[in-house]
Amino acid sequence: MTLSANEVNTLKHAPAVEGVLPVILERWSPRAFADRDVSPADLKKVFEAARWAPSSYNEQPWRFILGVRGSTAYDKIGSALIPFNQAWALKAPVLILGVAKTRFSHNNSPNNYAIFDLGAASGFITLQAAALGLATHQMAGVDKDKAREILAIPELYEIGSVMALGYQGEPAALANEQLTSSEVEPRTRKSLSELVMSAWDQPAKLS
Ligand SMILES: Cc1cc2nc3c(=O)[nH]c(=O)nc-3n(C[C@H](O)[C@H](O)[C@H](O)COP(=O)(O)O)c2cc1C
């Protein structure tokens, strides 16, 4: 029997760590989305969160194309997803394509941190969304050439990822067994000792 959305949230919850923001521990990336629209007011909040992300030279190179179900933008973004992602992401009420301006505005020199900054802004979106009870799932599985062409994205902007956003749905409603079973798998992470070093290959002492 497949787990319910509530049961799977419990399973996916990161182990509690004293002092880490609850929203960080609760956020995860479901593929099952409920048939429920997101209010314009909540959409505004998630983009406000992105606005306040840090960026190199405060360039704020991120730009987002917002596709709300029923709109041309939604259909175009959805059509550029790879088939694996289309199988679940087209149930989400919102698809957002993130792109990054690859030159600085103040001197037109290359901004090698543009995609890095888009990632930071996207991270802010995921956490703000989670705080509002919304689910997000980012996707690199996008035909970038197709997205650029059908959305008329200038060459100056590098294409990042697409984010599905909406309310979490029931795992059992996913299109196939592969999706349903991965929806209820526990989340895994590398250990801090692998990620944080005081010298190369020497884990930092963190407590
Ligand atoms: C940049 C990026 C690209 C991703 N691309 C895909 C994708 O194309 N399809 C997919 O199903 N999940 C995709 N994911 C989701 C990751 O697999 C997921 O975030 C990761 O397994 C960690 O799980 P969690 O977000 O639930 O903690 C992507 C995530 C990121 C950040």
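1. A term is needed at the outset: a residue is buried if 20 or more other C-beta atoms lie within 10 Å of its own, exposed if 12 or fewer, and partly exposed in between, with C-beta atoms placed from the backbone. By this criterion, buried residues make up 28% of the 207 residues in the protein chain.

2. On provenance, this is a predicted model, in which local features need pLDDT of at least 70, side-chain atom pairs count only at pLDDT 80 or more, and totals for chains, interfaces and linings use all residues. Residues are numbered from 1 along each chain as its sequence is written.

3. Overall form. The protein chain has nine helices and six strands; helices (H or I, at least four residues) and strands (E, at least two) are DSSP runs, numbered from the N terminus. The radius of gyration, taken over C-alpha atoms, is compared with a globule rule of 2.2 Å times the number of residues to the power 0.38. The chain has a radius of gyration of 18 Å, close to the 17 Å that the rule gives for 207 residues, and is therefore as compact as a globular protein of that length. Along the principal axes, its C-alpha atoms fill a box of roughly 55 × 50 × 30 Å.

4. Contacts. Two residues are in contact if their C-beta atoms, placed from the backbone, lie within 7 Å. Of the contacts in the protein chain with a separation of 6 or more, 75% are between residues 24 or more positions apart.

5. The sheet. An open sheet is formed by four strands in the order β1-β2-β4-β3, with antiparallel pairing; two strands pair if DSSP finds at least two bridges between them. β1 (62-68) and β3 (135-139) are at the edges with a single partner strand each, so one side of each has no neighbour in the sheet. The twist averages 25 degrees from one strand to the next.

6. Strand β3. Although β3 stands at an edge of the sheet, four of its five residues are buried, so the strand is largely enclosed by the rest of the structure. Five bridges join β3 to the antiparallel strand β4 (residues 157-166). Within this pairing, A135 has G166 as its bridge partner, and Q138 stands opposite M163.

7. Helix against sheet. Helix α4 (residues 72-80) lies across β1, β2 (94-101) and β4, and runs at about 105 degrees to β1. Axes are lines fitted to C-alpha atoms, for helices over the stretch in contact, and angles run from 0 to 180 degrees between N-to-C directions.

8. The ligand. Which residues are around the ligand? They are W28, S29, N85, Q138, M139, A140, G141, S161 and R187, where a residue is near a molecule if its C-beta atom, placed from the backbone, lies within 6 Å of it.

9. Most residues other than glycine have a negative phi. Phi is positive, however, in Y57, near 55 degrees, and in Q60, near 50 degrees. Y57 is partly exposed, with 14 other C-beta atoms within 10 Å; Q60 is also partly exposed, with 19 such neighbours.

10. Two exposed positions. P186, in the loop between α8 and α9 (192-195), is exposed, with 6 C-beta neighbours inside 10 Å. Its C-alpha atom is 8.8 Å from that of V8, 178 residues away along the chain. E177, in helix α8 (residues 177-183), is exposed with 9 such neighbours. E177 and S56 are 121 residues apart in sequence and 43 Å apart in space, C-alpha to C-alpha.
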